[in-house]
Amino acid sequence: MYTILLLIASNVFMTFAWYGHLKALNNQPLMIAILVSWGIAFFEYMLQVPANRMGYQVFTLGQLKIIQEIITMCVFAGFAYFYMGKSLGANFFYASLCMIGSAYFIFKS
């Protein structure tokens, strides 16, 4: 469970590092956006690296990756809707169903 919680927290940081500058720093020079994103990403790695180390003791590498991607989709959906004010269409829903399918197959014995 610690792995999942750490991955969720790290994804929040990473989503803001990757996409937050599109809204918050849109009028700033590119170098400022890069430096701020790097600063945010540092905290993401402080959570992601221990999460993957702990998770690798329980999950396979493939399972860890799928867990990470599903968390990323969930965090991104919330970010896009609440922070960026974007609607989530049917294609996002269908892509999420594909991710659920991938989780089924990677965890299937």
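Student: Among contacts between residues at least 6 apart in sequence, what percentage join residues at least 24 apart?

Tutor: The model under discussion is predicted. Contacts in the protein between residues at least 6 apart in sequence form the set considered. Within that set, the share joining residues at least 24 apart is 75%.

Student: Where do the buried residues of α4 lie around the helix?

Tutor: Helix α4 covers residues 90-107, and Phe92, Met99 and Ala103 are buried in it. Viewed down the axis of α4, the buried residues fall within an arc of 45°, so they line one face of the helix. On the other side of α4, Asn91, Cys98 and Phe105 are exposed. The place asked for, then, is one face of the helix.

Student: Against which helix do the buried residues of α4 pack?

Tutor: Residues of α4 including Phe92, Met99 and Ala103 meet residues of another helix, among them Ile66, Ile70 and Met73. The helix against which the buried residues of α4 pack is α3.

Student: Are α3 and α4 roughly parallel or roughly antiparallel?

Tutor: The two helices, α3 and α4, pack at an angle of about 160°, with their axes 10 Å apart. Angles over 145 degrees count as roughly antiparallel. The relation of α3 to α4 is therefore roughly antiparallel.

Student: Is the crossing of α3 and α4 left-handed or right-handed?

Tutor: The handedness concerns how the near helix is turned from the far one, and anticlockwise by less than a right angle counts as left-handed. The crossing of α3 and α4 is left-handed.

Notes:
Residues numbered from 1 in each chain as written. Predicted model: local features only at pLDDT ≥ 70, side-chain atom pairs only at ≥ 80, totals over all residues. Heavy atoms only, no water. Helix = DSSP H or I, 4+ residues; strand = E, 2+ residues; numbered from the N terminus. Expected span 1.5 Å × (residues − 1). Buried < 20%, exposed > 50% of the residue type's maximum accessible area, 1.4 Å probe, protein only. Arc of directions from axis to C-beta. Contact = heavy atoms within 4.5 Å. Axes fitted to C-alpha atoms, helices over the stretch in contact; angles between N-to-C directions. Parallel < 35°, antiparallel > 145°, perpendicular 65-115°, else oblique.
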